[in-house]
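User: I'm new to reading protein structures. Could you walk me through a few features of this one?

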Amino acid sequence: MNSLPVEPIAATTGPRALYNRAAQWLETWIGHDLLALAARFGIAGVFWLSGRTKVDGWLSVSENAVALFEDEYKVPVLSPELAAHLAAYAEHLFPVLLVLGLATRVSALALLGMTAVIQVFVYPLAWPTHLVWAAALLYLAGRGAGRFSVDRAAGLR
């Protein structure tokens, strides 16, 4: 007996059909360009605000930031001074690039690496927050900045 796979019959009426029409409408209006823009601005805001807590003035790393890396964060391998400076600069540079949509994939991967360090070495119990960050960053790394970006204007994917 030769049996072919049976495809489900698409509902044309009833609650399932209504749900599927609504899903199609959402897929049409909430496309990649909007998702990428929201992800870029949202995750940029998280890291930018964190970076601002590490500096006095524009980009002068504060003594408090260094103290945090000495006493609380304790990132291995790097000295607290170097770690504080690298974190402060990264949390300013990469969010600006994300907002512009410039070098988006590289910026997303850099912040994803930073998120991994934070998760593993600093706040291992904060995995739900870090997973949300990682989801946005993985989306941007995998799909790019979208239409409303310098990357797209420059012909980059």
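This is a predicted model: local features need pLDDT of at least 70, side-chain atom pairs count only at pLDDT 80 or more; totals for chains, interfaces and linings use all residues.

User: Which parts of the chain does the pair of R147 and D33 tie together?

Analyst: R147 sits in the loop between α6 (127-143) and α7 (150-153), while D33 belongs to helix α2 (residues 32-52), so the bridge ties together parts that are 114 residues apart in sequence.

User: Is D33 buried or exposed?

Analyst: The general idea is that a residue is called buried when its relative accessible area is under 20%. D33 has 17%, so D33 is buried.

User: How many salt bridges are there by this rule?

Analyst: The count is two.

User: Now for the rings. How many aromatic pairs are there?

Analyst: Five aromatic pairs turn up by the rule used here. One of them joins W25 and W29: the centres are 6.5 Å apart, and the planes make an angle of 45 degrees. The general idea for naming is that planes under 30 degrees apart are stacked and those over 60 are edge-to-face, with the rest called tilted. So W25 and W29 are a tilted pair.

User: Why are W25 and W29 separated by about one helical turn?

Analyst: Because they are four residues apart in helix α1 (residues 15-29). Exposed means over 50% relative accessible area, so W25, at 51%, is exposed, and W29 counts as exposed at 58%.

User: Which residues do ring pairs link into a cluster?

Analyst: That cluster is made of F69, Y73 and Y123.

User: Last one: which residues gather in the patch of negative charge?

Analyst: On the surface you'll find E70, D71, E72 and E81 gathered in that patch. Helix α3 (residues 63-73) gives the largest share, three residues. E72 has its place in helix α3, and with 41% relative accessibility E72 counts as partly exposed.

Methods:
Residues are numbered from 1 along each chain as its sequence is written. Side-chain values use heavy atoms; hydrogens and water are left out. Patches are made of residues with over 30% relative accessible area and no salt bridge: like charges are joined within 9 Å, nonpolar side chains (Val, Leu, Ile, Met, Phe, Trp, Tyr) within 5 Å. Accessible areas come from the Shrake-Rupley method with a 1.4 Å probe; for residues, only the protein chains shown count as cover. A salt bridge is a side-chain nitrogen of Lys or Arg within 4 Å of a carboxyl oxygen of Asp or Glu. Lys and Arg count as positive and Asp and Glu as negative; His and the chain ends are not counted. The place of a charge is taken as NZ of Lys, CZ of Arg, CG of Asp or CD of Glu. Helices (H or I, at least four residues) and strands (E, at least two) are DSSP runs, numbered from the N terminus. Buried means under 20% relative accessible area, exposed over 50%, partly exposed in between (1.4 Å probe, protein chains only). Rings of Phe, Tyr and Trp (its six-membered ring) pair if their centres lie within 6.5 Å; planes under 30 degrees apart count as stacked, over 60 as edge-to-face and the rest as tilted.
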